[in-house]
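User: I would like to learn how to read some features of a protein model. Could we go through one together?

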Amino acid sequence: MFKKSGKWAIALSAVVVMLLAAGCSAGNKTVVSMKGGKITQEQYYEAMKDSSSGKTTLQTLIWEKALEEQYGKTVSDKTVTKQYNSVKTQYGAQFSQALAQNGLTPSQFKTNIKTNLLTRKALEALKPVTTADLKTQWKSYEPKITVSHILVKDEKTAKDIISQLEKDNGKNFAALAKKYSTDTGSKANGGKLTPFDSSDTSYDATFKKAAFALKQGEYTKTPVKTQYGYHIIMSDKNPGKGKMSDHTKTLKTQIYDKWMQDSTVMQGVMSKVLQKANIDIKDKDLKDILSGYLNSSSSKSTATSSSAAESSSDDSSATSSSSSTSSSSASSTTSSSASSSSK
């Protein structure tokens, strides 16, 4: 393959359990009736609150409700549906299977998308990007470029193709890509690939470095070796880096994408959200369920566990990417034709 495969990232909890609200008496309503006895709500509740899956579900429910109360108005159902449909389109006929493999129903997936979007809103509200942050991001930033490539298995063939390009000043690049490239996902289009910038992790680092070094209209004069073979790269469109002020919006997006994956940053954000929620856990057996995020000396202190935090962060890949979001968001996209074809 040429492009790295994406992963299904928008999932907060694969466990589907029913927890009674903390603080309410569990009751004796029968949940399961069977030969030899029955299982009541109280028995079920007691078992679930002692399990890791039950605790994770409660943590997730607390986080979702806190986000909804503080930031719910900032994310519309229309936005959630748009992101959901985007991921569904990317997966095509495999969408239902992908949901099932991740233990999700369509409704749960939409809930996870919304939680991811609300988490992003909380991050943006509670941790503004500073000028220093922008300058740091700018150092490694490269704007979106478009390139074409010819991928072959051996260096000798790559050098031969470069010799043919030199005879025609590179004008025959598309024709040579159609003739020689082993990347079936791009060869029919003259080797042209999807535009990418420095934040795109789906392309090989060596490939990106060589591509960014080219000026528009140039091609690599020596083969570029990656794990997929040998590439000859042509720069079709490269606007140049320009001034930082021209890329502020993109830089901020990249910074927030990175922070959504940073457990230290997200723990700070989650703590602030949960402190404001004034959480008071009534069940003494669950009172420390969120102690890793807030001051445990406070009688109402708590926060979500690192498992919930990491899942919130992962979600964001799915979703910011899609858009970013969705999904990347997000994200949670299938491999591109370039990736699958060059395996």
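**Aromatic pairs, charges and a sheet**

Analyst: The structure holds 9 aromatic pairs. It is a predicted model.

User: Are tyrosine 84 and phenylalanine 95 buried or exposed?

Analyst: Buried means under 20% relative accessible area. Tyrosine 84 has 7%, so it is buried. Phenylalanine 95 counts as buried because its relative accessibility is 4%.

User: Why is the pair of tryptophan 138 and tyrosine 141 called stacked?

Analyst: Planes under 30 degrees apart count as stacked. The planes of tryptophan 138 and tyrosine 141 are at 25°, with ring centres 5.7 Å apart, so the pair is stacked. Tryptophan 138 is buried at 16% relative accessibility, and tyrosine 141 is buried at 3%.

User: Which residues form one aromatic cluster?

Analyst: Phe196, Tyr203, Phe207 and Phe212 form it.

User: Which residue lies over the face of tyrosine 84, and which has its charged end over the ring of tryptophan 138?

Analyst: Over the face of tyrosine 84 lies lysine 110, 4.8 Å from the ring centre. For tryptophan 138, the charged end of lysine 241 sits over the ring, at 4.7 Å from its centre.

User: What does glutamine 254 touch, leaving out residues up to four places away in sequence?

Analyst: Glutamine 254 lies in helix 10 (residues 248-260) and is buried at 7% relative accessibility. With those sequence neighbours left out, glutamine 254 touches Gln137, Tyr141, Asp197, Ser198 and Ser199.

User: In what order do the strands of the open sheet come?

Analyst: The order of the 3 strands is 3-5-4, with antiparallel pairing. Strand 3 (146-152) and strand 4 (224-226) each have a single partner strand, so one side of each has no neighbour in the sheet. From one strand to the next, the twist averages 40°. Strand 4 is joined to strand 5 (residues 229-237) by 3 bridges; valine 224 has histidine 231 in strand 5 as its bridge partner.

User: Which strands does helix 7 lie across?

Analyst: Helix 7 (residues 155-167) lies across strand 3 and strand 5, at about 30° to strand 5. Helix 8 (residues 173-180) also packs on the sheet, touching strand 3 and strand 5, and its direction makes about 40° with that of strand 3.

Methods. Residues numbered from 1 in each chain as written. Predicted model: local features only at pLDDT ≥ 70, side-chain atom pairs only at ≥ 80, totals over all residues. Heavy atoms only, no water. Helix = DSSP H or I, 4+ residues; strand = E, 2+ residues; numbered from the N terminus. Buried < 20%, exposed > 50% of the residue type's maximum accessible area, 1.4 Å probe, protein only. Contact = heavy atoms within 4.5 Å. Phe/Tyr/Trp six-rings, centres within 6.5 Å; stacked < 30°, edge-to-face > 60°. Lys NZ or Arg CZ within 6 Å of the ring centre and 35° of its normal. Pairing = 2+ DSSP bridges. Axes fitted to C-alpha atoms, helices over the stretch in contact; angles between N-to-C directions.
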